[in-house]
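Okay, everyone, thanks for coming. Let me put the sequence and the structure up, and then I'll walk you through them.

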Amino acid sequence: MYNRILLAVDGSENSLRATREVAKLVALSPGSNVEVISVADFSRSKSDILHAQGKEELELKRRQKLAPVEEILKTSQVSYKLKIMHGEPGPTIIEYANHEKVDLVVIGSRGLNALQEMVLGSVSHKVVKRVHCPVMIVK
């Protein structure tokens, strides 16, 4: 069904739900390649860098935040590659998905209402509008 699935995660409960859905998809479509990306947001990473003891500690904290995602995928016997990228989440996910020509993007939603989405902006909304493949938003 889908050969290349891009799972965008940030370690939140929303991304864990998205991870569980990817595990279900892969169970239905054996042989799918799952690419997990997490984008270290520039606005937050400045603060993280200032509070970290060093680069190694910062990378360890990021990996620990993604450990539950990896655990779900390993338990479900999903073969995956994890990549931590830097930038603004929406545009970074869009660029990666379009450049790598993935078949499906799966992303969690924070469930913002229309006003919150208009004021704050939504990563999932930006991705849906600009990615050149189907997108599954998991609530």
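Let's start at Val-105, which sits in strand E4; strands here are DSSP runs of E with at least two residues, helices are runs of H or I with at least four, and both are numbered from the N terminus. This is a predicted model, so local features need a pLDDT of at least 70 and side-chain atom pairs count only at pLDDT 80 or more, while totals for chains, interfaces and linings use all residues. Residues are numbered from 1 along each chain as its sequence is written, and side-chain values use heavy atoms, with hydrogens and water left out.

So, is Val-105 buried or exposed? Val-105 counts as buried, because its relative accessibility is 0%. The cut-offs are under 20% relative accessible area for buried, over 50% for exposed, and partly exposed in between, using a 1.4 Å probe and protein chains only.

What does Val-105 touch, if we skip residues up to four places away in sequence? The list is Leu-6, Ala-97, Val-127, Val-131, Cys-133, Pro-134, Val-135 and Met-136, where a contact means heavy atoms within 4.5 Å. Val-105 and Val-34 are 71 residues apart in sequence, yet their C-alpha atoms are 9.9 Å apart in space.

Now let's zoom out. The chain has six helices and five strands, and from the N terminus on the order is β-α-β-α-α-β-α-β-α-α-β. Of its 139 residues, 42% count as buried. Take the contacts between residues at least 6 apart in sequence: 76% of those join residues at least 24 apart.

On to the inside. In soluble globular proteins, nonpolar side chains tend to be buried together. By nonpolar core I mean a set of buried Ala, Val, Leu, Ile, Met, Phe, Trp, Tyr and Cys residues joined through side-chain atoms within 4.5 Å. The largest one here has 20 residues, and those with the most contacts inside it are Ile-5, Leu-7, Val-22, Val-34, Val-36, Val-69 and Val-106. Which elements give two or more residues to this core? They are strand E1 (4–8), helix H1 (13–28), strand E2 (33–41), helix H3 (55–75) and strand E4 (104–108). H1 provides the largest share, six residues.

Beyond four places in sequence, Ile-5 touches Val-22, Leu-25, Val-26, Ser-32, Asn-33, Val-34, Glu-35, Leu-104 and Val-106. There's also a second, separate core of 15 residues, including Ala-8, Ile-37, Met-85 and Val-131.

Over in helix H3 you'll find Ile-72, which is buried because its relative accessible area is 17%. Setting aside neighbours within four places in sequence, Ile-72 is in contact with Leu-16, Thr-19 and Arg-20. With Arg-20, the separation is 52 residues in sequence and 6.9 Å in space, C-alpha to C-alpha.

Next, a pair of helices. Two packed helices are described by the angle between their axes and the distance between the axes. For helix H4 (residues 89–100) and H6, the axes come within 9 Å and cross at roughly 30°. Those axes are lines fitted to C-alpha atoms, for helices over the stretch in contact, with angles from 0 to 180 degrees between N-to-C directions. From H4, the contact uses Pro-89, Gly-90, Ile-93, Ile-94 and Asn-98, and from H6 it uses Val-123, Lys-126, Val-127 and Arg-130.

Ser-122 counts as buried because its relative accessibility is 10%. Another serine, Ser-109, is in the loop between E4 and H5, and with 12% relative accessibility Ser-109 counts as buried too. Leaving out neighbours within four places in sequence, Ser-109 contacts Asn-14, Arg-17, Ser-124, Ile-137, Val-138 and Lys-139.

Last stop: two loop residues. Gln-77 isn't a glycine, but its phi is positive, about 60°. Gln-77 is in the loop between H3 and strand E3 (80–87) and counts as exposed because its relative accessibility is 72%. Lys-101 isn't a glycine either, and has a positive phi of about 55°. Lys-101 is in the loop between H4 and E4, and at 63% relative accessibility Lys-101 counts as exposed.
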